[in-house]
Every structure is written in C-alpha cells, then in structure tokens.
Amino acid sequence: MNVIEQQQQPFAKAFGFASSLSLCLLVAACGGSDSNVDARVKAAWVTVGSNNQAIVRVITSEASCPDVRDGSSYMAMTVRAAAATVAQRPTASAAADSKPSVFPVTACEYLVPANSSGISVGSRSLPLPKQAPQRIVVLADTGCRLKKADNAWQACDDNDSWPFPEIAKTAAAMKPDLVLHIGDYHYRENACPADIAGCKDSPWGYGWDAWQADLFKPAAPLLAAAPWVMVRGNHEECARAGQGWFRFLDTQALDPKRSCNDPANDAAGNLSDPYAVAVGADTQVIVFDSAKAGRAALATSDPQFIAYQAQFQTVNRLAAKAGVNSIFTNHHPILGFAPIAGAPPAPGNLALQSVMQSVNPTAFYPSGVKTAIHGHVHDFQAINFSSAHPATFVSGNGGDNLDVNFADPFPANTNPAPGAIVDKISHTSSFGFMVMDRQSNGAWAYKAYTRKGVLLTTCLQSGNNISCDKTGFLAPS
C-alpha cells in the first residue's frame, strides 16, 4: 500500500469500500485524474537498461511526478531532474549561436519490478519488455538538421525533407516488440534564418523545446508501441545535446558530474560503461557509447584510448556469455563506410579501430559478436565479409539530411579496415529504417524498408554471415 492509499484507508472504511484502492479508482484520486495527468505529461515511455532493467520515464510540466499504476497499485515516481535553466556553456557552435538550455519540465522515472503485470501513467498504458522479442525496429539519425557551420537548414515542417514523423508512424504500425535507436536524436542546434521558410521559427538549442520537436513529439507513436533501447550518438555528446541525453534518455542514475552542465566534467560525461540487454535466451544487444569518438587513430597514451580500451575489454567479457550471440551497437560505423561525393568511400572509424585492435588484433570484435549495427552515416548499409568479421549494418537514414549514394557497382577491393574483406554490400541513401524479425530457427532476418514501409531487401543470417536477396544499390520504389 502506498502513501496515498494509506491516507485514504479511513475514508474507504467509513464509506464501506473494500479497500482504499477501490475508493481511489472510483474517485480517480491516486496521482490525480487521468485527464489531469494526461494534460501535464508531455512524454511517457519505457526504456531498457543494464541487466534488462525496464525503466518508466515521464516528462511532466508539473514540479512533482505523477504516480505510476503498476498492476493494481499506484506507485510513486522519482524525480530524475527538476525543471531548470542551465547556464550557457561552450558548445560545438560559436557562443553567439548558442544559448542557455531551458528545461521547464520535470523528468521522472520508475524502476519496473520484474514481476510487473502492467504499467500505466494517466490513461496511457505503457508497453513492457517481452522475454523473447520477435520484431525489433532499428533506426538512427532521426532529428532535423539546423546547423549554421554547414549552412544546413533542413525543412523541418516538410514531411518529404524531414520524414521522421512518417517513419515513426510506419514503424509503429508494424507492431514491434522493441525499438533500437542507434543515436543522434537531436539536430536542431542553431536558429533557423528568418528567410528560410522550411524551418522558420523552429525551436533550437539544447533545451526542452528542441528535444520535444526533434524526438518526443514526432516519435510519440513509436514510443507508445514498444520499449526502447537507446544508444548515444555524437550529437548527444556534452558540447551538444548531452544535457538532455542525461536528463531524459541515459539509463544510469543521474550524476551531477556526468550531466554535461559543467564543461570541466566533460571527460567523464562523454563516457558510459557498456552493458548488455538480453533479447531472448539466445541473443543480446551490447550497447556502447562512442559519442565522443574522433576520426583519427588514437595514440596508446591518449586518455581516450585508455578509457575505450578498458570498455572494449568489458565488451569482450559481455560477449563471452555461453550460448548467446551478441549484437554490438554503437553510433560510429567501425567496419562500415562513409560515402564521399566524387571519391572512394572513407573507411570505418579509425579511432575505434585503433583501440579495438589492441584488444582483438585481427577480428576487432570478440568471437561472440556476430553482428554490428551503427548509425552516423546517413544511409543504409548491409555488409557481408569473406573474412572472419561480423556482419555489419548501418541504419542511419531515419530523417536527417541524407548522404550521397555509393558508386554502383561498389568499388572493387574497397575495405573498411585492414584484413576486413568485403564480400557483398547492399546500400541506399533513401530515407527509411530497418526491422529485425526472429526466424523459426532462432536466427534473425534483417529487412530494410523505405519511409513508407516498402521492403527493399531481406538479409538472412547464419553465424556472422548474411545473405541479402538484393545486393548493390537498392533503388527505392
């Protein structure tokens, strides 16, 4: 019995109700009526963290958190981050193009017990993780780009230019059991010029209004459809949207020294320990934070090299779980490519490669990792290797400005890292997302879809190899 129920117990007895809960349900008094709660709640969803801990997250306009209904009981939520205006800090943009981060909302959380029979907040019933998910939606790089340094002003109000709202609806209609977002949720960094109609008056900066516009409002159907596993991207590093990342999305307890509010703590704020999320008895997703990974190879004496090396050793331990195939997820493609207009593709991330070679010299990954999934490059890639390297996917075509297409046919003898020999690649830079469907034999089928849900290719996996029914350039129909 919670505090509210205890307070109502005398009234329940006085009026002949069997329990305070029945009185509470009659008068809708626990945590306020559903309509009152709904009016205050700006977003509500379930995320999954280390040890498969399901966490309810709620963003409310009130200073206090609403109660969560867990089964038949109303439970108090914990304030994760109170409303605040955070003083302007150095950012990736010039000081004149930055501003303080205003969060006029309260971030709340509730750790869901393993035996929970159902969760709701107000009138919203929230989806809980399934022990053996059958369908997983995968997407990344979903925000709308407003960036002065690149003179990049995406038309956030135009569904053709920024189709993430459509993608979220399309993916939600496929009824996933889990959503896996591989980073870069937030792109509205600078103020849109007044003479650009497509983004005029758009929220910008790193406060709540930009987060709401870039993620929580357009993703609402998908947040309601399934729990999320959230991977951090470079746009959520401390000099960018890191403050919102820690207030809203990160699954660890909020630590003021890892909040990105004080740039003196950025070295700690830009790193997070890897963890695994089980998706059935035979598969796990390993979540790795590469938000601050640079492009150049790192010297072994570099503090970042030392920190990442320890984290990849943790990945080795996580991936050593007997009888479990591991899917490694991080934002920056390690054995993928970046297209360059008029030039051969750039190889995978050299900073991460340099560290991984010190832990797993030839394979980069431990043997338990059969698949790697990334974002960052704004296209879709499905790569099979003739060498003993895990199948690699890039699913970074979720809404932000697209990259150019690779040449077709893909340039021969082009490989992402020494010893990683490409066998076949399927690719496109059209907007869309990926779906993982569990097969009857326990393996996964990886399917690339357009923004409207048109299937482009299906890739079946055996061990660390994939075979796609279409290779080369995937033309959107």
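Trainee: Is arginine 451 buried or exposed in this model?

Mentor: Burial is read from relative accessible area, and under 20% means buried. In this predicted model, arginine 451 has a relative accessible area of 12%, so the residue is buried.

Trainee: Which residue forms a salt bridge with arginine 451?

Mentor: Side chains of opposite charge can pair when their charged atoms come close. Here the partner of arginine 451 is aspartate 160, with 3.0 Å between the closest N and O atoms. Aspartate 160 is exposed, at 54% relative accessibility.

Trainee: How many salt bridges does the whole structure have?

Mentor: A search finds 19. One of them joins arginine 240 and glutamate 189, at 3.1 Å from N to O. This pair also links distant parts of the chain, 51 residues apart: arginine 240 is in the loop between strand E15 and helix H7, glutamate 189 in the loop between strand E14 and helix H5. Both ends count as buried, arginine 240 at 11% relative accessibility and glutamate 189 at 3%.

Trainee: Where do aspartate 282 and arginine 438 lie in the chain?

Mentor: Aspartate 282 is in the loop between strand E16 and strand E17, and arginine 438 is in strand E25, so their pairing ties together parts 156 residues apart in sequence. Their side chains meet in a salt bridge of 3.0 Å, N to O. Aspartate 282 is partly exposed at 26%, while arginine 438 is buried at 16%.

Trainee: Which residues do salt bridges with shared partners join into one network?

Mentor: Arg145, Lys147, Asp150 and Asp400.

Trainee: Now the pockets. Which residues lie nearest the centre of the largest pocket?

Mentor: A pocket can be read by its volume, its lining and the classes of the lining residues. The largest pocket holds about 860 Å³ of space. Its lining has 33 residues, with Asn234, Arg295, His332, His376 and Val377 nearest the centre. Strand E19 (residues 338–340) gives the largest share of that lining, three residues. By class, the lining has 13 nonpolar, nine polar and 11 charged residues.

Trainee: What lines the second largest pocket?

Mentor: That pocket has about 390 Å³ of space and a lining of 19 residues, including Asn52, Ala54, Ala114, Pro129 and Gln131, which lie nearest its centre. The lining divides into 12 nonpolar, five polar and two charged residues.

Conventions: Residues are numbered from 1 along each chain as its sequence is written. This is a predicted model: local features need pLDDT of at least 70, side-chain atom pairs count only at pLDDT 80 or more; totals for chains, interfaces and linings use all residues. Side-chain values use heavy atoms; hydrogens and water are left out. A salt bridge is a side-chain nitrogen of Lys or Arg within 4 Å of a carboxyl oxygen of Asp or Glu. Buried means under 20% relative accessible area, exposed over 50%, partly exposed in between (1.4 Å probe, protein chains only). Helices (H or I, at least four residues) and strands (E, at least two) are DSSP runs, numbered from the N terminus. On a 1 Å grid over the protein atoms alone, a cavity is a set of points where a 1.4 Å probe fits but cannot get out, and a pocket is an open set with protein on both sides within 12 Å along at least five of seven lines; lining residues have an atom within 4 Å of a point. Grid points are joined across faces, edges and corners, and a volume is the space filled by probe spheres set on the points. Ala, Val, Leu, Ile, Met, Phe, Trp, Tyr, Cys and Pro count as nonpolar, Asp, Glu, Lys and Arg as charged, and the others, Gly among them, as polar.
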